[in-house]
There are 2 protein chains.
Amino acid sequence: MSQQLNGTRVAILATDGFEEAELASPRKALQDAGAQIDIVAPKSGTIRAWAKTEWGGDYPVDRTLDEVKSSDYHALMLPGGVLNPDQLRQNDQALSFTRQFFKDHKPVGAICHGPWILINADVVEGRTMTSYPSIAQDLKNAGANWVDEEVVVDSGFVTSRKPDDLDAFNAKLIEEIDEGKHSKQHA
Amino acid sequence: MSQQLNGTRVAILATDGFEEAELASPRKALQDAGAQIDIVAPKSGTIRAWAKTEWGGDYPVDRTLDEVKSSDYHALMLPGGVLNPDQLRQNDQALSFTRQFFKDHKPVGAICHGPWILINADVVEGRTMTSYPSIAQDLKNAGANWVDEEVVVDSGFVTSRKPDDLDAFNAKLIEEIDEGKHSKQHA
């Protein structure tokens with residue numbers, strides 16, 4: 001297996017209610033490609049997954065938002081779930097951490113309801129992207145160019161709609177992280 | 001107890017994941033004031049409540065969206081919960097049913113995440129309102145004048161932020177429904 005992401009550190013930012021497959025699948029794909037992954041959350045201990053219609057497994061938090069800065073990482077990934085981004089978009093630390101990846105031209109992936117966070121981080125205006133269809137209007141109203149495709153790449157910014165899109169999402173996310181900084185990725 | 005809403009019919013539009021207190025409390029307050037309440041949902045049978053951090057009770061659906069038109073009712077109430085409006089805002093029948101109350105100048109109440117539905121029903125532009133704080137930016141981006149108060153009344157349109165606001169919400173909702181149509185309530 002190719003280890004093209006050897007030496008690369010990726011933060012997955014999440015809290016209770018993240019959609020389980022949308023964290024577990026990209027984490028495995030990125031790890032298989034050689035990346036080192038930290039689950040970053042507002043609190044220490046564990047965060048609880050949401051698995052389609054019920055609570056899912058507990059996932060250990062590797063680092064809290066208090067303990068990290070974006071310069072510790074080469075890239076950021078935001079899973080969905082409905083409850084998870086509803087919390088994170090109200091967390092100023094989560095928003096400034098997220099925004100800094102865009103400012104620093106680093107790759108960011110977001111899937112499903114994850115892009116809600118990006119509305120409050122004020123980074124979607126003028127960007128071409130997708131999401132779970134329920135939040136499409138919110139992204140359009142925030143200035144995004146929303147399109148209905150399984151994966152959308154805009155200068156290091158990778159978005160997908162739902163768990164069914166994960167294979168395409170993971171492949172593009174690895175490709176963009178492998179390419180490193182993108183000058184047109186911005187806040 | 002005053003029965004000032006005798007002869008008044010009110011629809012509560014909801015689906016799985018509505019916040020239990022935000023349906024049960026206004027329903028009881030409106031019934032105590034003499035109103036006849038229908039729980040209207042996309043599907044027949046029951047809908048499942050969300051009770052803070054876990055699934056709550058099952059509530060019987062009185063009428064499905066297929067079976068009703070807005071002219072059957074004098075007013076509409078939209079409970080919150082994160083999962084419930086995320087579904088309803090993707091449902092064209094729910095959106096046209098909701099929008100018609102605004103067009104017909106009828107009182108509408110919405111609490112917590114319920115106002116998400118109103119973004120997709122395209123009725124919030126220029127309206128003064130509140131909501132759960134997580135969706136404030138989405139409402140502002142849709143053109144609403146968002147304010148942080150326990151209850152906001154704008155010409156028959158009553159909004160509140162969260163379950164703690166229910167007493168104030170219920171009182172204003174009864175008052176606005178008692179007043180009937182409001183000429184400045186509009187779509």
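## Exercises: a helix crossing and a buried serine

The model is predicted, with local features needing pLDDT of at least 70 and side-chain atom pairs 80 or more, while totals for chains, interfaces and linings use all residues. Residues count from 1 along each chain as its sequence is written, chains are lettered from A and ligands numbered from 1 in written order, and side-chain values use heavy atoms, without hydrogens and water.

**Exercise 1.** Classify the crossing of α1 and α6 in chain B.

*Step 1.* Take α1 (residues 20–32) and α6 (residues 166–179) of chain B; their axes come within 10 Å and cross at roughly 45 degrees. Axes are lines fitted to C-alpha atoms over the stretch in contact, with angles from 0 to 180 degrees between N-to-C directions.

*Step 2.* The angle therefore makes α1(B) oblique to α6(B). Under 35 degrees would be roughly parallel, over 145 roughly antiparallel, 65 to 115 roughly perpendicular; the rest is oblique.

*Step 3.* List the contact (heavy atoms within 4.5 Å). Among its residues are P26(B) and L30(B) of α1(B), and F169(B) and I177(B) of α6(B).

**Exercise 2.** Describe the setting of S134(A).

*Step 1.* Check accessibility. S134(A) is buried because its relative accessibility is 0% (buried is under 20% relative accessible area, exposed over 50%, partly exposed in between; 1.4 Å probe, protein chains only).

*Step 2.* Find its neighbours. Leaving out residues up to four places away in sequence, S134(A) touches H113(A), D86(B), R89(B) and Q90(B).

Technical notes:
Helix = DSSP H or I, 4+ residues; strand = E, 2+ residues; numbered from the N terminus.
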